[in-house]
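Please open the structure in your viewer and keep the selection tool at hand. We will go from one stop to the next, selecting a few residues each time.

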Amino acid sequence: MPMPDTHVLVRGQILHYLNDPGPTDDPSAWEFFDDGALWITNGHIRAVGPWAALRANMPPAIRDAATFHDHRGKLVLPGLVDTHIHYPQAGVIGSYGRQLLDWLNDYTFPAEARFADYSVAEKTASFVVDRLLAHGTTTASVFATVHAHSVDAFFRAAEAKNLRMLCGKVLMDRHCPDTLSDTAESGRADSQALIERWHGKGRLGYTLTPRFAPTSTREQLQATGELFASRPDLHLQTHLAENRAEIDWVRQLFPERSSYLDVYAHYGLLAPRTIYGHCIHLSDAERREMAASGAAAAFCPTSNFFLGSGAFDYAASTAAGLRVGLATDVGGGTGFSLIRTLGQAYEASQIHGTPLSAMRGWYLATLGGARALYLDDHIGNFQPGHEADFTVLDWTATPELAWRMDNTRSLAERLFALMILGDERCVVATHVMGERASPG
């Protein structure tokens, strides 16, 4: 006998995006319902719209039986999407940074070496998943370590919460400690086994994860490209053009290739469902090449500022047609909050003289991230049929925010104040497939 349908009804100030508002804040790109409603059936959006109209259109028996969440006066957004995070580095957030290559040797490699112990991976994965939910993040593209069981640990923690997550084992066969090195052959075999174990299980997806070009031999990049090509639904994540010293190193290691980007393109790693962290030091031609390939960039402003790497040019990247998502890049990034990260994204855009508007900023943190990860058929807005992941934000969570909100005149002003002054204290609740998963 089939199980009866389950219904959830949510009331609040609902904002979601249908498209990128662009530099002119095209008002057709979003919908905002000041007194709005979500009707959720079996974890999926059934309808979104004004409270009075949606409630009136629900059959009385369903309306009366539905689980009701009253978030009046609060902002209800699709779940936030973190497009680049290193879960094993949660324990080194806030370490004295210097610059990228120092960070790898001083903090990243020692932290990841501890994941040889499965219990460390298990404990860290549980902590990170809980903190993501507490910060309003329901989907992420996650780096594990070279240890295959670090992926198992993360996916088990995500599966327990019914989350839509991407994760992959780091591939790294040179220029790293021996304890963290695999080989082209073992990396491929481990990845294949993890794909068979986890890819497409529930809401989980596998992402091939070469750390970056300097830590993979040509043989490993070739093997990764072949594996990526063998499954049209796999994802791939790595790093690109974060730091000038890194770029010089790539030039020395791959003198036969015309650029850092060309290294990845040559091995078949530049395609749809690929996302590259940072992408700061790129030419307009390289941005256009990435866009044409279907690849995406992860905008990591807190990490870029913390490690002195530079400021990603969001306006130039999107003008080139490049997909872009927002990312914390924990642990080079300074926390799990995509709200705080959004404020830093505004500051990065100011450096380039193209300030990020509030209307475009919240798109970047929701539907923009879903599109960057090629998950927008499932998440990112409240279109009927989409999975009902959402977060609820308190406009007045701090005295400073409350005071500022009393002096705003428009939705855009309120959203801008929230992205500059807000943080995890604003998160009232996070819902996954309609069900409340975490308080703020």
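This is a predicted model: local features need pLDDT of at least 70, side-chain atom pairs count only at pLDDT 80 or more; totals for chains, interfaces and linings use all residues.

Begin by selecting helix H5, residues 148-160, whose 13 residues reach 19 Å from the first C-alpha to the last, close to the 18 Å expected at 1.5 Å a residue. Within H5, colour the buried residues, which are Ser150, Val151, Asp152, Ala153, Phe154, Phe155, Ala157 and Ala158. If you then show what covers these buried residues, you will find that the cover includes helix H4 (118-134), strand S6 (137-143), strand S7 (165-168), H6 and strand S9 (204-210).

H5 passes H6 in a right-handed crossing. To see where they meet, select Ala148, Val151, Asp152, Phe155, Arg156 and Glu159 in H5 together with Asp190, Leu194, Arg197 and Trp198 in H6; the residues of this contact divide into 5 nonpolar, no polar and 5 charged.

Finally, move to arginine 218, which has its place in helix H7, residues 218-230. Is arginine 218 buried, partly exposed or exposed? With a relative accessible area of 28%, arginine 218 is partly exposed. Leaving aside neighbours within four places in sequence, arginine 218 is in contact with Arg174, Leu253, Phe254, Pro255, Glu256 and Tyr267.

Conventions
Residues are numbered from 1 along each chain as its sequence is written. Side-chain values use heavy atoms; hydrogens and water are left out. Axes are lines fitted to C-alpha atoms, for helices over the stretch in contact, and angles run from 0 to 180 degrees between N-to-C directions. Helices (H or I, at least four residues) and strands (E, at least two) are DSSP runs, numbered from the N terminus. A crossing is left-handed if the near helix is turned anticlockwise from the far one by less than a right angle, and right-handed if clockwise. Contact means heavy atoms within 4.5 Å. Ala, Val, Leu, Ile, Met, Phe, Trp, Tyr, Cys and Pro count as nonpolar, Asp, Glu, Lys and Arg as charged, and the others, Gly among them, as polar. The expected span of a helix is 1.5 Å times one less than its number of residues. Buried means under 20% relative accessible area, exposed over 50%, partly exposed in between (1.4 Å probe, protein chains only).
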